[in-house]
Amino acid sequence: MRLLDEISKELNYRNLFRAYSHIGRIPATNPITLFKILVYGGMDGKHSSRELERSCNRDINYMWLLGDEKAPNHSEIARFRSQRISECCEDLFYQLVKKLRERGEIKYEHLFVDGTKIEANANKYSFVRKKSTNKYQERLENKVNNFLCELHERYGIFGSCEEIYKALFSIKTEPFVYGRGKRKSQFQRDVEQLSEYISRQQKYEKYQQTFNGRNSFSKTYPDAAFMRMKEDHMRNAQLKPGYNVQLAVEG
């Protein structure tokens with residue numbers, strides 16, 4: 001507890017203070033003190049905001065960390081954890097680990113890694129696979145190249161799909177027709193086909209950016225990837241959207 005208190009005084013809390021408004025009342029409990037309470041609660045195995053509130057009122061260790069400050073209630077602790085520290089917790093804990101390393105409390109000699117798969121709240125039929133996307137994208141590019149050659153023969157226009165699309169609209173003379181009993185002209189069919197190719201190209205490009213080194217993702221939850229989950233009570237192992245959460249500790 002004393003070691004935590006000493007190290008906490010050496011951390012840079014600039015990002016934490018940015019989460020507070022400069023206009024308005026002063027927080028009831030110092031943000032640095034709340035951070036120490038959260039860290040010590042994690043070391044003590046207490047994570048619930050109500051449990052931390054009781055400890056701040058009854059446990060001498062938490063009362064020593066508070067000093068002369070008033071014990072925070074569970075709403076203040078929960079609000080601090082969900083709204084204030086969420087953007088800067090990674091930076092603060094990174095600083096904490098570095099300070100522990102400088103003091104010789106962590107030696108980086110051993111690393112223990114464990115993980116688990118958590119199923120995402122996403123439809124299992126909403127997945128997009130990279131292998132299939134690459135295949136469909138390659139087919140589309142071949143179709144687009146052939147179609148651009150046809151447009152060049154008809155209208156004498158060179159360029160990318162977007163450039164040709166704008167050029168075709170600039171030479172448009174007759175209004176487009178829609179509905180039953182209307183016959184579309186060759187010009188209208190070419191423009192609509194080109195528009196469809198452009199939208200499909202953009203869709204596949206967006207898919208490639210979302211993959212970001214992964215082999216699949218879910219349309220409804222792009223952060224989730226498709227992985228084989230543990231068997232259920234019927235021993236049915238299925239591919240489902242989920243998150244592979246990993247945790248590494250030194251000791």
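User: Great, let's start with Ser199. Where is Ser199 found?
Analyst: Ser199 sits in helix α10, which covers residues 186-211. Keep in mind that this is a predicted model.

User: Let's zoom out. How many helices and strands does the chain have?
Analyst: The protein chain has ten helices and five strands. With a radius of gyration of 29 Å, well over the 18 Å that the globule rule gives for 251 residues, the chain is more spread out than a compact globule.

User: What box do the C-alpha atoms fill?
Analyst: Along the principal axes, the box is roughly 85 × 55 × 40 Å.

User: And what share of the residues is buried?
Analyst: Of the 251 residues in the chain, 31% are buried.

User: On to charges. How many salt bridges are there?
Analyst: The structure holds eleven salt bridges. One of them joins the side chains of Lys36 and Asp5, at 2.7 Å from N to O. That pair links distant parts of the chain, with Lys36 in helix α3 (residues 31-43) and Asp5 in helix α1 (residues 2-8), 31 residues apart.

User: Are Lys36 and Asp5 buried or exposed?
Analyst: Lys36 counts as buried, at 9% relative accessibility. Asp5 is buried too, with a relative accessible area of 10%.

User: Which residue forms a salt bridge with Glu10?
Analyst: Lys99 does, and the closest N and O atoms are 3.8 Å apart. This pair also links distant parts of the chain: Lys99 belongs to helix α7 (residues 89-102), Glu10 lies in the loop between α1 and α2 (14-18), and 89 residues separate the two. Glu10 is partly exposed, at a relative accessible area of 39%.

User: What about Glu192, which side chain does it meet in a salt bridge?
Analyst: The partner of Glu192 is Lys184, at 2.9 Å from N to O. Glu192 is partly exposed, with a relative accessible area of 26%, and Lys184 is partly exposed with 32%.

User: Now the surface. Which residues gather in a patch of positive charge?
Analyst: Lys131, Lys135, Arg139 and Lys143 form that patch. Lys131 is in helix α8, residues 130-155, and is exposed, with a relative accessible area of 73%.

User: And which residues form a negative surface patch?
Analyst: Glu141, Glu162, Glu163 and Glu205 make up a negative patch. Of these, Glu163 is found in helix α9, which spans residues 161-170.

User: What makes the nonpolar surface patch?
Analyst: Phe112, Leu247 and Val249 do, and the patch is about 290 Å². Val249 is placed in strand β5 (residues 239-249) and is partly exposed, with a relative accessible area of 34%.

User: Next, backbone angles. What is the phi of Tyr108?
Analyst: Tyr108 has a positive phi of about 60°, although Tyr108 is not a glycine. Most residues other than glycine have a negative phi. Tyr108 lies in the loop between α7 and β1 (112-119) and is partly exposed, at a relative accessible area of 47%.

User: Where is Asn212, and what is its phi?
Analyst: Asn212 lies in the loop between α10 and β3 (216-218). Its phi is positive, about 50°, and Asn212 is not a glycine. At 67% relative accessibility, Asn212 counts as exposed.

User: One last stop: how far apart are Arg2 and His22?
Analyst: They are 31 Å apart in space, C-alpha to C-alpha, and 20 residues apart in sequence. Arg2 is in helix α1 and is exposed, with a relative accessible area of 53%.

Notes. Residues numbered from 1 in each chain as written. Predicted model: local features only at pLDDT ≥ 70, side-chain atom pairs only at ≥ 80, totals over all residues. Heavy atoms only, no water. Salt bridge = Lys/Arg side-chain N within 4 Å of Asp/Glu carboxyl O. Helix = DSSP H or I, 4+ residues; strand = E, 2+ residues; numbered from the N terminus. Buried < 20%, exposed > 50% of the residue type's maximum accessible area, 1.4 Å probe, protein only. Patch = residues over 30% accessible without salt bridge, like charges linked within 9 Å, V, L, I, M, F, W, Y side chains within 5 Å. Areas by Shrake-Rupley, 256 points an atom, 1.4 Å probe, with all protein chains shown as cover. Lys, Arg positive; Asp, Glu negative; His and termini not counted. Charge placed at Lys NZ, Arg CZ, Asp CG, Glu CD. Rg over C-alpha atoms; globule rule 2.2 N^0.38 Å.
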